[in-house]
Amino acid sequence: MRDRFSTGVVYVLPTLLAALLTGCTQPASGGESDEGTGATASVSPSAPRASGFGAVFLAVDECSSFGKASFTEVPCTSERAAARVVARHDGTPSGGPPCPGTTDFVLHISEQSQISDEDGDGAVPQGYACMRNLQPPHPGDPGGGGGPRTIVGDCVYGSGSGQVRETACDGKGAKKPQYKVVKAVAERSRCPLSTALYVQLGGAQPVGCARPL
């Protein structure tokens, strides 16, 4: 059976994220008064084309295919299905709820479409879909070396200018890991004494306590 489809535009956010840090060279100390400002950031490349399947474009539990220049929404039973939507939000990633921790990548939906109509007005609202690959590898898993969020179990390396970037904990990435996030806490003072680096994670426990490897 031929897959039905409709059109929209998505931006793919890279899986390798930068975590901006302050005090990253300072050891943990209960007397520090400055807050950790490590943060992850994503930059969208040029917009590829996409087409949709179903009443709501890239709704939760729907699937997309992979392509060099486009992502196509397809039934999850299709042989072309490669990733599943695990969360879907309106607006932009910077202003909306964070994706689940083990999200592999994010699709940013930005173009209105007369075909993929969610509510009868002939348009798809701006939003973003948090995607999980149907098959390994899963860069969003702890230690996987990618994904839109840094989580407990991830490893990072210093990239200069007070920044760190995520890399695979198994050492098979382009860069060797130097630190591992071992705990997420509400504030720096709750990190273990072995903490050598603070990484901003976001969410209810925004401080990542990282120890050297």
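This is a predicted model: local features need pLDDT of at least 70, side-chain atom pairs count only at pLDDT 80 or more; totals for chains, interfaces and linings use all residues.
1. Two strands pair if DSSP finds at least two bridges between them. Strands (E, at least two residues) are DSSP runs, numbered from the N terminus. By this rule β7 and β9 are paired: they run antiparallel and are joined by 7 bridges.

2. Residues are numbered from 1 along each chain as its sequence is written, and side-chain values use heavy atoms, with hydrogens and water left out.

3. Strand β9 also pairs with β8, again in the antiparallel sense, over 5 bridges. Here F105 has M131 of β9 as its bridge partner. Of the 7 residues in β9, 6 are buried, so the strand is mostly covered; buried means under 20% relative accessible area, exposed over 50%, and partly exposed in between (1.4 Å probe, protein chains only).

4. The largest nonpolar core has 10 residues: F57, L58, F71, A83, V85, F105, L107, I109, A129 and M131. A nonpolar core is a set of buried Ala, Val, Leu, Ile, Met, Phe, Trp, Tyr and Cys residues joined through side-chain atoms within 4.5 Å. Two or more of its residues come from each of β7 (83-90), β8 (105-109) and β9 (127-133). The most, 3 residues, are given by β8. Another core, of 8 residues, lies apart from this one and includes V164, V181, L197 and L201.

5. Which residues form the 1 aromatic pair of the structure? They are F66 and F105, whose ring centres lie 5.6 Å apart with the planes at 50 degrees, so the pair is tilted. Rings of Phe, Tyr and Trp (its six-membered ring) pair if their centres lie within 6.5 Å; planes under 30 degrees apart count as stacked, over 60 as edge-to-face and the rest as tilted. Because F66 is in the loop between β5 (63-64) and β6 (70-74) and F105 is in β8, the pair ties together parts that are 39 residues apart in sequence. F66 is partly exposed, at 45% relative accessibility, whereas F105 is buried at 6%.

6. The structure holds 4 disulfides, each defined as a pair of cysteine sulfur atoms within 2.5 Å. With the bonded cysteines numbered in sequence order, the pairing is 1-2, 3-4, 5-6, 7-8.

7. C63 lies in β5 and C76 in the loop between β6 and β7, so parts 13 residues apart in sequence are tied together. C63 is buried, at 0% relative accessible area, and C76 is partly exposed, at 28%.

8. The disulfide between C155 and C169 (S to S 2.0 Å) has a torsion of about 105 degrees and is therefore right-handed. C155 is buried, at 1% relative accessible area, while C169 is partly exposed, at 25%.

9. Is the disulfide of C191 and C209 left-handed or right-handed? The torsion about its S-S bond is about -80 degrees, so it is left-handed. The sulfur atoms of C191 and C209 are 2.0 Å apart, and both residues are buried.

Conventions. Helices (H or I, at least four residues) and strands (E, at least two) are DSSP runs, numbered from the N terminus.
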